[in-house]
Amino acid sequence: MRRSVVAGVGHYLPERIVTNADLAKQIDTSDEWIRERSGITQRHIAADGEFTSDLASHAARKALDAAGMGPDDVDLIVVATSTPDETFPASATVVQSKLGCANGSMGFDVQAVCSGFVYALATADNFIKAGQVDSALVIGAETFSRILDWEDRGTCVLFGDGAGAMMLKAEDGKGTSNDRGVLSTHLHSDGSLHDLLYVDGGPSSTGEVGYLRMEGREVFRHAVTKMSEVVVEALEATGLNAEEVDWFVPHQANKRIIDGTARKLGVGADRVVVTIDKHANTSAASIPLALSVAVGDDRIQQGHLVLIEAMGGGLTWGSGIIRW
Ligand code: UT7
């Protein structure tokens, strides 16, 4: 059975760090409120002239280096983003050009907001399993700072900019949960919940980019339930149980959501990767960023079972199990 095996990961964060105290100087908020309600202490913000495709390309180069592969080895690029440089073309094609990938490679974007990386991984995995490509660069990259209403304290303190990338390559496995690679992915959406989390603009509606709008409390409620359900779905599909999972790498939206979901699943804090304190919510970039951090400090090792899960605007949600 063809499997999509992780060959390397990488990440990039813009240089500029904005702390909670910095924000408290500009809007009516406090370090204490942000820390207690979300677990965030700081976020990285892209520089003027630094675009999503720049962040994505930096992260992608690191993933390729880690894999010992080069731009000519990339068959497919899938970028998960809700903040592309331009309405079109897809950020993936911009990244393809910036990396100098060979003619014959292809790229497109996937838009599922904070679940974007799980959707992009599922897409790339299915292209590999179908035999259409032998390798894929899966990237989550965002400059959410550009779609925040910096006067809305209920949202602007929660997000940050960044990118993470994962290089996948096809390998033959036995078709069991001991195989290395992506073992299963599970995706869902419910468009009737649009009003809970959306951007109030776009090319076809207002003609302007718009700002992020969120019913925080309602999103929170859905997040814990839906992410717990989709994790159970992934475990049942693979015949694995929560005790066998080495690392839970959830979307980083709120430390309280991460803790609540882990508690519901009976997973101890020592097996959960948390980066929200330093990165804030980087939407589609949060999971690959967290994966890259945990590989970089040797927590995630070859052979480990890694479970990812996310929920975002749409609403969309999903999970994936990867044998590293
Ligand atoms: O990644 C996509 C998915 N997104 C999420 O999962 C986010 C989900 N939601 C959340 O993380 C939380 O709901 C928030 C962190 C957004 C908010 O936490 P909360 O405990 O649900 O607070 P709240 O919205 O109920 O607001 C509580 C109070 C309000 O004041 P009153 O009405 O009780 O007087 C807000 O006006 O906190 C006030 N408030 C703030 N105060 C200081 C809201 N934002 C701020 C702020 N600083 N930045």
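These legends go with a set of close-up views of a predicted model and its ligand.

Local features are described only where pLDDT is at least 70 and side-chain atom pairs only at pLDDT 80 or more, while totals for chains, interfaces and linings take in all residues. Numbering runs from 1 along each chain as its sequence is written, and side-chain values use heavy atoms, with hydrogens and water left out.

View 1. R217 puts a polar side-chain atom 2.4 Å from a ligand oxygen. For N254, a side-chain N or O atom sits 2.6 Å from an oxygen of the ligand, and H251 has a polar side-chain atom 2.9 Å from a ligand oxygen. On its own the ligand has 960 Å² of accessible area, and the protein covers 75% of that (Shrake-Rupley method, 1.4 Å probe).

**View 2. The shell around the ligand.** There are 22 residues around the ligand, and T29, R37, R217, N254 and N281 come nearest (near means a heavy atom within 4 Å). By class, the shell has 11 nonpolar, six polar and five charged residues; Gly is counted as polar, and Asp, Glu, Lys and Arg as charged.

**View 3. Where the shell comes from.** Elements giving two or more residues to the shell are α2 (31-38), α6 (153-156), α7 (216-238) and α8 (255-265). The top contributor is α7, with four residues. Helices are DSSP runs of H or I with at least four residues, and strands are E runs of at least two. Domain 1 (2-172) and domain 2 (181-323) each supply at least three shell residues, with bounds from an automatic or database assignment.

**View 4. Two cis peptide bonds.** One is the F88 to P89 bond, with omega near 5°. P89 belongs to the loop between β4 (76-80) and α4 (91-99). The bond joining G314 and L315 is also cis, at an omega of about -10°, and L315 lies in the loop between β12 (305-312) and β13 (316-323).

**View 5. A positive phi at A280.** This residue is not a glycine, yet its phi is near 60°. You'll find A280 in the loop between α9 (276-279) and α10 (286-296).

Notes. Polar contact = N/O pair within 3.5 Å; in protein donor to acceptor, adjacent residues only side chain to side chain.
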